[in-house]
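Welcome! Let's take a guided walk through a structure, going from overall layout to single residues. Have the sequence and the 3D view open as you read.

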Amino acid sequence: MAENKRIDAPTGTETVGHEWDGIEELDTPMPRWWLWTLYATIIWAAVYVVLYPAWPLLDRATDGVLGWSSRGQLEQEVAARTTELAPLRAEIARTPIEQLPGNPTLLAAAAEGGRAAFRMHCVQCHGSGAAGSAGYPNLNDDDWLWGGDLSAIEVTIQHGARNPDHAETRTSQMPAFGRAGMLQPAQIEDLVAYVRTISRQQNASPEARRGRGLFVENCAVCHGPDGAGIRRVGAPNLTDAIWLYGEDAETVRASITNSRGGVMPRWGNRLDPVTIRMLAAYVHSLGGGEASAPQPVTPPVTR
Amino acid sequence: MSHVAEQSHAGFFAKRQGVYPKAVDGRFRRLKWVIMSITLAIYYTTPWLRWDRGPYAPSQAVLVDLANRRFYMLGIEIWPHEFYYVAGLLIMAGVGLFLITSTVGRAWCGYACPQTVWTDLFQHVERFIDGDRNAQLRLAQAPWSIVKLAKRSAKYAAWLIIAAATGGAWIFYFADAPTLARDFVAGDAALVAYSTVGILTATTFIFGGFLREQVCIYMCPWPRIQGAMLDEKSLTVTYKEWRGEPRSHGVKKATLADLKVGDCINCNACVAVCPTGIDIRQGQQIGCITCALCIDACDKVMAQVGRPRGLIDYTTYENADLERVGEPPKPLRSTLLRPRTLVYFSLWAAVGCVMLFGLGQRSRLDISAQQDRNPVSVRLSDGTIRNGYMIKIRNMEARPRPVSVTLEGLPGAVVWDEGGRRESAGREVRAIVAPDALAKLRIFVAARPGDNHRDAAFTVRALDAEGGSDRVEVTFEGPEQ
């Protein structure tokens, strides 16, 4: 069956030389346009190799004569966007943070910028929804250790908390009452009972009554005589429903025994002031932000 | 061995036979003029009609605003989520075509189809420049000369002007026509406007000038569908062969020879005027668009030879069978009013009525709520639980509207928005929604911790004279106890 090639009369095309039960196959040539398309792609490839990075080397690829690279393109796009945003950032920079609410558009823009920066720098501890976890404050709620208005949040982000090498950092130190031997275990039990009573987790008891005296002597200086906390020293409110480390007796006991003191990095030496201001605006917008100035009464036109 | 080899060397495609339809006058030609004027007038003038919608909406009567995703049709404004109205219109158009086809046959093809209308227009221009059928035939066969070159250039130029005007008119449906016209001429219009005009100019020029009946015969699916839709009661253009046959040129001679002669004198007038180049005397065929120009041509000849008109005429298969055996045809009424057409009409009318009812009833104020997912809920310092929602309020009126969003369910819960404060919160928040826009309102709800996983709802109410409201149900979530 090898060489039965012949010219098929009706079509004028050569056959491939095979035959199956009278069925033959024409050796129809490729359409011209198809062939030209193939040649065009070959030329395209050759031109591409010259113009763009193509041949892989050990640590990089050949530079095309156009000098294009995906990294370079990204840099260009980032630069273009930065230029575009420059006026907005300048306006945020010259507006004191407590005056931001007076310009809702600027505040919203700042919060949007803060949302992006938050994803980059803050989610590692505070979580992607800023809901925190044990030891890392939830930024959505209305309980603030160091203050919840725009300026207070900005200061906290700027200087951080309990940075050993930074003078302006938010700082305070709770004594480790148990470990340092300042209180006996039984006294700590009484204090736990008292703290859980003023936060309405359990009813008054003889232990709690004994704990009250201990509280006034040992704790009230920072947490206040009624246990409502003092923000100046970052001492949490012990009468509310929010517990950074947990509200159960065991956790409270551990806190009194070993003390607590979360550390937050200062961002003033890593982020520019505008980004910090935008972060503050974002954190403030999460629902628990406190007012620093009277709010406008008229409902805003939203679009 | 090879059967293929025994066949003749035939190509796969037949070469197109040129069609040079002759000018004709008559009742159907005049009807075609009227319909052509009306359809072209609708096409060219519609975008320029104005319609006052107030300061916040465009004042163009018919506007497909793709950029802002709105469709305006006189007093009706369609938003993207109401696209089912457009689907309804398409269904009406489809059923309407069924209705038309089952009653009057391929009337769409013969009178109203853009391919027919523009081809007709182009052929008229062609006759104006090249002369009628015979002159066109001569010119087509003549070798290239200055005269032929001049005529061809003039014709193509005229066609191009019409084609550009056709493509040019299309874009005005998609933007404010006067503004776009100014920008277009000044070179300030969007690239897509120029490319659209370019593409439509090219297609009009090619389809109307060169492809013509080939579009109907080879490209268009509708003739095939209609072939299945026509029945014995649909009007078609019919050559009454029982009256016309046998054809004869020399009637007197044939009569003297005692031969039976029909009314058809074989003058080929019906073939000469046909815009698709068919011979209707061969019977119903896919190339016949029922433009009825052959009826006009034949009527004229019948009048000249002193025979009654209607050797070629609109009739149904049923009536053709009756007439063939000498019985009187059924009245036109029985074609128009029969179960099939009535079912189509009821369907068509029902879809229309449902849409009209829907348009009359539709709410111009919509609310939807998206619950915060990260975190789902937040415990507040007094032990209550807060949920956050992104409320979207759609104001479909072309004016700003003051609205209130009220919380339903969750006894004792309060609601406030981003600008508000929980301390002064009540059961509703207010906002002013911009005209013809979607407002996003971030709101917070605080409720007792025991209310976890409770159903609640938000109701938006317009606080202006027209009123109107909408409701959305949500679930209040809290930490697992």
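## The layout of chain A

Let's start by counting: chain A contains 10 helices and four strands. Please keep in mind as you look around that this is a predicted model. If you read along the sequence, the elements of chain A come in the order β-β-β-α-α-α-α-α-α-α-α-α-α-β.

## The overall shape of chain A

What radius of gyration does chain A have, and what would a compact globule of 303 residues have? Chain A has 35 Å, whereas such a globule would be near 19 Å. Along its principal axes, the C-alpha trace of chain A spans about 115 × 55 × 50 Å.

Of the 303 residues in chain A, 27% are buried. Now take the contacts in chain A between residues at least 6 apart in sequence: 54% of them join residues at least 24 apart.

## Two domains in chain A

Chain A is divided into domain 1, made of residues 79-170 + 263-284, and domain 2, made of residues 185-258. The C-alpha centres of these two domains of chain A lie 31 Å apart.

Where the domains of chain A meet, 11 residues of domain 1 are in contact with nine residues of domain 2. On the domain 1 side of chain A, the touching residues comprise six nonpolar, two polar and three charged ones.

## A closer look at A:Thr257

Next, find A:Thr257 in helix α9 of chain A, which covers residues 249-258. Is A:Thr257 buried, exposed or partly exposed? A:Thr257 has 16 other C-beta atoms within 10 Å, so this residue is partly exposed.

Leaving aside residues up to four places away in sequence, A:Thr257 touches A:Ala176, A:Phe177, A:Gly178, A:Arg179 and A:Ile188. A:Trp36, on the other hand, is 221 residues from A:Thr257 in sequence and 84 Å from A:Thr257 in space, C-alpha to C-alpha.

## The nonpolar cores in chain B

Now turn to chain B. The largest nonpolar core has 32 residues, and B:Val415, B:Ile443 and B:Val445 touch the most other members. Elements of chain B that give two or more residues to this core include β6 (365-371), β8 (385-395) and β9 (401-408). The largest share of this core, seven residues, comes from β12(B).

Which residues does B:Val415 touch, not counting those up to four places away in sequence? Among them are B:Leu407, B:Ala425, B:Val429, B:Ile443 and B:Val445. There is also a second, separate core of 31 residues, including B:Ala163, B:Cys264, B:Ile265 and B:Leu293.

Conventions
Residues are numbered from 1 along each chain as its sequence is written. Chains are lettered from A and ligands numbered from 1 in the order in which they are written. This is a predicted model: local features need pLDDT of at least 70, side-chain atom pairs count only at pLDDT 80 or more; totals for chains, interfaces and linings use all residues. A nonpolar core is a set of buried Ala, Val, Leu, Ile, Met, Phe, Trp, Tyr and Cys residues joined through C-beta atoms within 7 Å. A residue is buried if 20 or more other C-beta atoms lie within 10 Å of its own, exposed if 12 or fewer, and partly exposed in between; C-beta atoms are placed from the backbone. Two residues are in contact if their C-beta atoms, placed from the backbone, lie within 7 Å. The radius of gyration is taken over C-alpha atoms; the globule rule is 2.2 Å times the number of residues to the power 0.38. Domain bounds come from an automatic or database domain assignment. Ala, Val, Leu, Ile, Met, Phe, Trp, Tyr, Cys and Pro count as nonpolar, Asp, Glu, Lys and Arg as charged, and the others, Gly among them, as polar.
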